[in-house]
Amino acid sequence: ENEPPLIPYTIPVIGHTFSYLFDTENFIKKCLKEYGEPFNIIIFGKVTTVVAQKYIPEVTKAHENFDSFEVLKEIVPLHLILDYNPFDIIDFHAKTTREQLSGKLSLYFDKMQNDIFYSLDKWIGECNEPRSIKSIWNVCNHVTAKLIANICIGEEASQHEDVVHSFAVLSHDMNRFFFLPPFLSFIHQKLHEFVISLPFLIGFNPIAKHKKVLINRMKPVVENRIQQKKILGDSYKQSDDILEFYMSQPDFDPSNVNYNYLADLLFFLIVVGIVTTGRSLANLLFDYAGRPEYWDELYEEASTFNEECNGKLTLNDINKMIKLDSFIRESLRHTGDMIIVPRAVTTDHYTFSNGYTVPKGRHVYDFSEDCLFSESQYGPDSKSFKPFQFVSQNISASKVDRTYVIFGGGRHACPGRFYAVLVLKLILYHVILKYHVRTENGNMPKKSMVGPLTNPPEESLIFERRKET
Ligand code: HEM
C-alpha cells in the first residue's frame, strides 16, 4: 500500500537489472528526474527502493528500521563461511573498532610509522632510478595488511610474511565468489546465496588456508601470554593489540582456547577494514600522481612539518596538516561508488516522511553519488577535483555529514574511519617526502566500473626518489 512509484519496464523478472548494472548513473538520474525520490525498480528479480540526496539522511537516521548487514549477508554470506556468525555480533565488532582501533591512535602511532617505512622499503624501494610499480591496488592491500596485522595480532606474529599476505588477499579470494552479481536471485533469492556458498560447503574454502596461517602464527603468542600471566600475575603487562583485548574478554578460557573463534573475530575486521582502506589508498596514490598541479603545495606542507618536528612526527603534527587532510577528503569524495550503504527494512514496514511506505525485507539502495556530488554543497562544478576546498572549512576527512557519505552516517557510520584516514595521511605524507610519483602518461587514469562500484585504475605508477631529501 502506498508504495513509491514503480519505474515501468518491459521484461518481467529481469526488470531494470541491465540498466542498473551497466548504465547505473544515467539510469538512476533519469528515474530521479521523472519520478522524484523514492522510487522502485526491479533488479535481480526483486523490487528495490532507491533513495538519493533528499531521503538518504532520513534513512540513515532511522537506524532502528534498517540494517545494512542484512543486505551484505546476501552478497557475502560470511555467516555460512565462518564458524561463528559475525552478523550476530556487529555491535561488538563496531565497539572493538571504535575503542580498540580508532580510540587508540596515539598508542599505535609509532608502530604504524615503522610499518609504513618497512612496507615502502619492501614494495617500492629506494628508486634511485625511476621504477614502474605494477598492481598498485595489490601493493596497497599488502601495506594496509601489514599495519592492521600488527594492531590485530601484535608485533611478533605480524613479522611473518605469510600472515600479512593472508590478510592482504583474503578479501580478494572471497570476492571471486561473492561479488558476482546475484543473477540466480532471478530464480529465487535464496538460490544465489546457496550456490555461492556451495564451494565452501563441499570443502573448497579459500578462507580455510588463511585461517590455518593465522592460527599458526597466533597460537604461540597466545600460549606465551597465558604462561606469562600465570607467572607474573598482577605485574603482567598487557600488549597493545586487539588479540590482547579478545583475551581479556569474560568468555576467554585460557585452559581451553578457542582459536577458531579468535580467528573468526579477526577475519571480520580484516574483511571490513583492509579492502576498504587498501582501495582508498590506491585511489589516493593515483589522485596524487595524476595531478601534478598540486604536488608543490602538498610537498611544501609536508616538508615544513618534517623540518619542524626533526623527522619525529607525532599524531598532533599530522592532525595539523590541513592540506593533506583536505586532499584525502576530496580523494574519498571522488571514490566513484554510486551506491554505498544499501540497507534492508527490518521492522514491519517503513513509512517515508512523504507518506510512501515500504514493507519489511525491502532493500533500500542509497544513490550516494547524488550526495557526494551535490551541487548545493560542492558548487556547480561539484564533479571536478578541488583538493583544497576543505582547508578553509576546517572539516577533517573522517567527519561524516549529509553529503559526505563515504563512511555511511548516523549511528552506524564507520567506526574505523579515524584509523583509516590516519593510515591514508601517514602513507601519503611519507610517499610525498620520499618520492616523486607520476602516472604512465602524466594524466589521471580512469577507474573501472563494476556495476555501481569502482575499482582503482590498473595502470602502473612510476616512483623516483626525491633528490632534495
Ligand atoms: C577508507 C576505509 C573505509 C571505508 C570507506 C569504510 C566504509 C564503511 C561504511 C560505508 C560503513 C557502513 C556505515 C553505515 O552503515 O552507515 C562501514 C561500517 C563499518 N566499518 Fe568501515 N570503512 C573503512 C575502514 C574501516 C576499518 C579500517 C575498519 C576496522 C578494521 C572498519 C570497520 C567497520 C565496522 C565494524 C562497521 C560496522 C559499523 C556498524 O554497523 O555499527 N571500517 N564502513
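Student: In which loop does Pro38 lie?

Tutor: Pro38 sits in the loop between H2 and S1. Keep in mind that this is a predicted model.

Student: What makes the bond between Glu37 and Pro38 a cis peptide bond?

Tutor: Look at omega, which is about -5 degrees for the bond joining Glu37 and Pro38. As background, most peptide bonds are trans.

Student: What makes S1 and S3 edge strands?

Tutor: Start with the open sheet of 5 strands, whose order is S1-S2-S8-S5-S3, with mixed pairing. Strand S1 (39-43) and strand S3 (66-67) each pair on one side only, and they are the edge strands.

Student: How do you know that S5 and S8 are paired?

Tutor: There are 2 bridges joining strand S5 (residues 343-345) to strand S8 (residues 363-366), and these strands run antiparallel. Pairing needs at least two bridges, so S5 and S8 qualify.

Student: Which residues touch the most other members of the largest nonpolar core?

Tutor: They are Phe167, Leu285 and Leu428, in a core of 110 residues. Helix H13 (residues 259-289) gives the most to this core, with 18 residues.

Student: Why is this core said to lie between domain 1 and domain 2?

Tutor: Domain 1 (1-75 + 337-368) and domain 2 (76-335 + 369-404 + 406-465) both give residues to the core, so the core lies between them. In general, nonpolar side chains tend to be buried together in soluble globular proteins.

Student: Which residues does Leu428 touch?

Tutor: Leaving out residues up to four places away in sequence, Leu428 touches Leu284, Tyr288, Leu324 and Ile328.

Student: How many residues does each domain bring to the contact between domain 1 and domain 2?

Tutor: The centres of domain 1 and domain 2, taken over C-alpha atoms, are 29 Å apart. The contact takes 27 residues from domain 1 and 30 residues from domain 2. On the domain 1 side, H4 gives the most, with 5 residues. That side divides into 14 nonpolar, 7 polar and 6 charged residues.

Student: What makes up the shell around the ligand?

Tutor: The shell has 14 nonpolar, 11 polar and 1 charged residues. Of the 26 residues around the ligand, Gly273, Thr276, Gly408, Cys414 and Gly416 come nearest. H13 gives the most to this shell, with 6 residues. Helix H6 (90-101), H13 and helix H19 (417-434) each supply at least two residues. The shell also draws at least three residues from each of domain 1 and domain 2.

Technical notes
Residues are numbered from 1 along each chain as its sequence is written. This is a predicted model: local features need pLDDT of at least 70, side-chain atom pairs count only at pLDDT 80 or more; totals for chains, interfaces and linings use all residues. A nonpolar core is a set of buried Ala, Val, Leu, Ile, Met, Phe, Trp, Tyr and Cys residues joined through C-beta atoms within 7 Å. A residue is buried if 20 or more other C-beta atoms lie within 10 Å of its own, exposed if 12 or fewer, and partly exposed in between; C-beta atoms are placed from the backbone. Helices (H or I, at least four residues) and strands (E, at least two) are DSSP runs, numbered from the N terminus. Domain bounds come from an automatic or database domain assignment. Two residues are in contact if their C-beta atoms, placed from the backbone, lie within 7 Å. A residue is near a molecule or strand if its C-beta atom, placed from the backbone, lies within 6 Å of it. Ala, Val, Leu, Ile, Met, Phe, Trp, Tyr, Cys and Pro count as nonpolar, Asp, Glu, Lys and Arg as charged, and the others, Gly among them, as polar.
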